[in-house]
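Please review the fold below. The briefing covers the sheet, the helices, the core and a few single residues.

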Amino acid sequence: GQQLARSERRLRAVTDTLPALLAFVDNDERYVFNNAAYEGAFGMSVDQIRGMTMRELLGEERYLRARPYLQQALAGSVVSFEGEYAFPHHHWMETTYRPEWSEDGKQVVGVHIHVLDITQRKLETQRLSHLSRTDHLTQLSNRSAFETHLREAMAQSRHENRLMALLYLD
């Protein structure tokens, strides 16, 4: 018992300093361990969260979005997925589920959860994408954006079996 408590204190000392949400759930999808980042994200203490099911903590909507990935992890696969959320503010999260196998390697005994806020990365990607499609002086679409729109319009007219016209003015 003491050995286990000491090793958990050691684990917590390391994981509580990290900004990522780290947790372990058992086969019943109950939280066995979660780091301090969970307290900030859900406004509950680590002790309150322990023993809760993922469905209880995440709420129905988030749980249903995560469930297919969770089932894959409980079946033995490592899975990652991104989610876009509006609450409490607009942000993106990247979640990874990693199965934990029993000593004999025959069955999955739980899932390690790693959740990272990737909002800054997403915003930077969007910014760079916008820059690549617009003229930096006029902020109008550039040639690259025009060619993309043209290809899409041509594909749509082919798909709908309709004529298309392009007018060029100098």
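**Briefing: sheet, helices and core**

β4 and β5 are antiparallel partners, joined by nine bridges. Strands count as paired if DSSP finds at least two bridges between them. Helices (H or I, at least four residues) and strands (E, at least two) are DSSP runs, numbered from the N terminus. This is a predicted model, in which local features need pLDDT of at least 70 and side-chain atom pairs count only at pLDDT 80 or more, while totals for chains, interfaces and linings use all residues. Residues are numbered from 1 along each chain as its sequence is written, and side-chain values use heavy atoms, with hydrogens and water left out.

**Sheet**

- The β4–β5 pair forms a hairpin with six residues between the strands. In its turn, G105 has a positive phi of about 70 degrees.
- E100 stands opposite G110 in β5.
- The open sheet has five strands in the order β2-β1-β5-β4-β3, with antiparallel pairing.
- β2 (31-34) and β3 (79-85) are at the edges, each with a single partner strand, so one side of each has no neighbour in the sheet.
- From one strand to the next, the twist averages 20 degrees.
- Strands of a sheet pair through backbone hydrogen bonds, either parallel or antiparallel.

**Strand β1 and its partners**

- β1 (residues 21-26) pairs with β5 (residues 108-117) in the antiparallel sense over six bridges.
- L21 stands opposite V115 in β5. A23 has I113 of β5 as its bridge partner.
- On the β2 side, three bridges join β1 to β2, and the two run antiparallel. Here V25 has Y31 of β2 as its bridge partner.
- The β1–β2 hairpin has four residues between its strands, and E29 takes a positive phi near 65 degrees.
- β1 is mostly covered, with five of its six residues buried. Buried means under 20% relative accessible area, exposed over 50%, and partly exposed in between (1.4 Å probe, protein chains only).

**Helices on the sheet**

- Contact means heavy atoms within 4.5 Å. Axes are lines fitted to C-alpha atoms, for helices over the stretch in contact, and angles run from 0 to 180 degrees between N-to-C directions.

**Helix α7**

- α7 (residues 143-159) has 17 residues and reaches 24 Å from its first C-alpha to its last. That is close to the 24 Å expected at 1.5 Å a residue. The expected span is 1.5 Å times one less than the number of residues.
- N142 caps the N-terminal end of α7, with a side-chain oxygen 3.1 Å from the backbone nitrogen of S144.
- N161 follows α7, with a positive phi near 55 degrees.

**Core**

- The largest nonpolar core has 22 residues, of which Y31, Y38, M54, Y97, V111 and I113 touch the most other members. Such a core is a set of buried Ala, Val, Leu, Ile, Met, Phe, Trp, Tyr and Cys residues joined through side-chain atoms within 4.5 Å.
- The elements giving two or more residues to this core are β1, α2 (37-42), α4 (54-58), α5, β3, β4 and β5. α5 gives the largest share, four residues.
- Not counting residues up to four places away in sequence, Y97 touches M54, A66, Y69, L70, A73, S77, V78, V79, F81, V111, H112 and I113.

**Single residues**

- T15 lies in helix α1. T15 is buried, with a relative accessible area of 7%. Beyond residues up to four places away in sequence, T15 touches L22, F33 and N35.
- R12 is also found in α1. Buried or exposed? R12 is buried, with a relative accessible area of 16%.
- Leaving aside neighbours within four places in sequence, R12 is in contact with F33, N34, N35, A36, V46 and R50.
- S80, in strand β3, is partly exposed, with a relative accessible area of 48%.
- Leaving aside neighbours within four places in sequence, S80 is in contact with T95 and T96. The side chains of S80 and T96 make a polar contact (2.8 Å). A polar contact is a pair of N or O atoms within 3.5 Å; within protein, one must be able to donate a hydrogen and the other to accept it, and residues adjacent in sequence count only if both atoms are side-chain atoms.
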